[in-house]
Amino acid sequence: MSAISTHILDTALGTPAAAVSVTLEQCSTEGWLTLTVAKTDADGRIKSLSAEPLTPGHYRLTAEIGDYFAGSGRDALYVSAQIDFVIAQAGSHYHLPFLISPWSWSTYRGS
């Protein structure tokens, strides 16, 4: 079983991105199933995106960054940022951060 966490940093301001809505979904034979919807804390973090450990499978993590930028009166190119990933085997912790700005975003697997 695996765990997922995230951290969203606003690289344009050099600050954590608080109150960003993030959705964790799993691909199934019926399509994408929403597992969790949560908001980042004041430090831009969600420490755990699932109450239960995740089994191997195909998942995606979507951050609503357009709403975040609009909330501070900034125009943004991207409405959302999405990480589409596979958990190949159980037992690992997956920390998947988003580095965002109004004109770009990126990710990496953290620890």
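**Entry 1: Tyr-108**

I began with Tyr-108, which I found in the segment after strand S10 (104-107). I keep in mind that this is a predicted model. Is Tyr-108 buried, exposed or in between? Its relative accessibility is 43%, so Tyr-108 counts as partly exposed, because that class runs between 20% and 50%. I then listed its contacts, skipping neighbours within four places in sequence: His-95, Leu-96, Pro-97 and Leu-99.

**Entry 2: the annotated site**

**Entry 3: Arg-45**

I moved on to Arg-45, which lies in strand S5 (residues 45-46). With a relative accessible area of 30%, Arg-45 is partly exposed. What does Arg-45 touch beyond its neighbours within four places in sequence? I wrote down Thr-6, His-7, Lys-39, Thr-40 and His-95.

**Entry 4: Thr-15**

I looked up Thr-15 and found it in strand S2 (residues 15-16). Thr-15 is partly exposed, at 32% relative accessible area. Leaving out neighbours within four places in sequence, I found Thr-15 in contact with Leu-9 and Asp-10. I also checked Thr-15 against Gly-44: they are 29 residues apart in sequence, and their C-alpha atoms are 8.4 Å apart in space.

**Entry 5: the sheet**

Then I turned to a sheet. In what order do its four strands sit? I read S4-S3-S6-S7, an open sheet with antiparallel pairing. Strand S4 (31-39) and strand S7 (81-87) are the edges, as each pairs on one side only. From one strand to the next, the twist averages 20 degrees. A reminder to myself: strands of a sheet pair through backbone hydrogen bonds, either parallel or antiparallel.

I followed strand S3 (residues 21-28) to both of its partners. Five bridges join S3 to strand S6 (residues 57-63), and the two run antiparallel. Towards S4, the antiparallel pairing covers eight bridges. S3 and S4 form a hairpin, with two residues between them.

Which residues pair with Gln-26? In S6, its bridge partner is Tyr-59; in S4, Gln-26 stands opposite Leu-33.

Key
Residues numbered from 1 in each chain as written. Predicted model: local features only at pLDDT ≥ 70, side-chain atom pairs only at ≥ 80, totals over all residues. Heavy atoms only, no water. Pairing = 2+ DSSP bridges. Axes fitted to C-alpha atoms, helices over the stretch in contact; angles between N-to-C directions. Buried < 20%, exposed > 50% of the residue type's maximum accessible area, 1.4 Å probe, protein only. Contact = heavy atoms within 4.5 Å.
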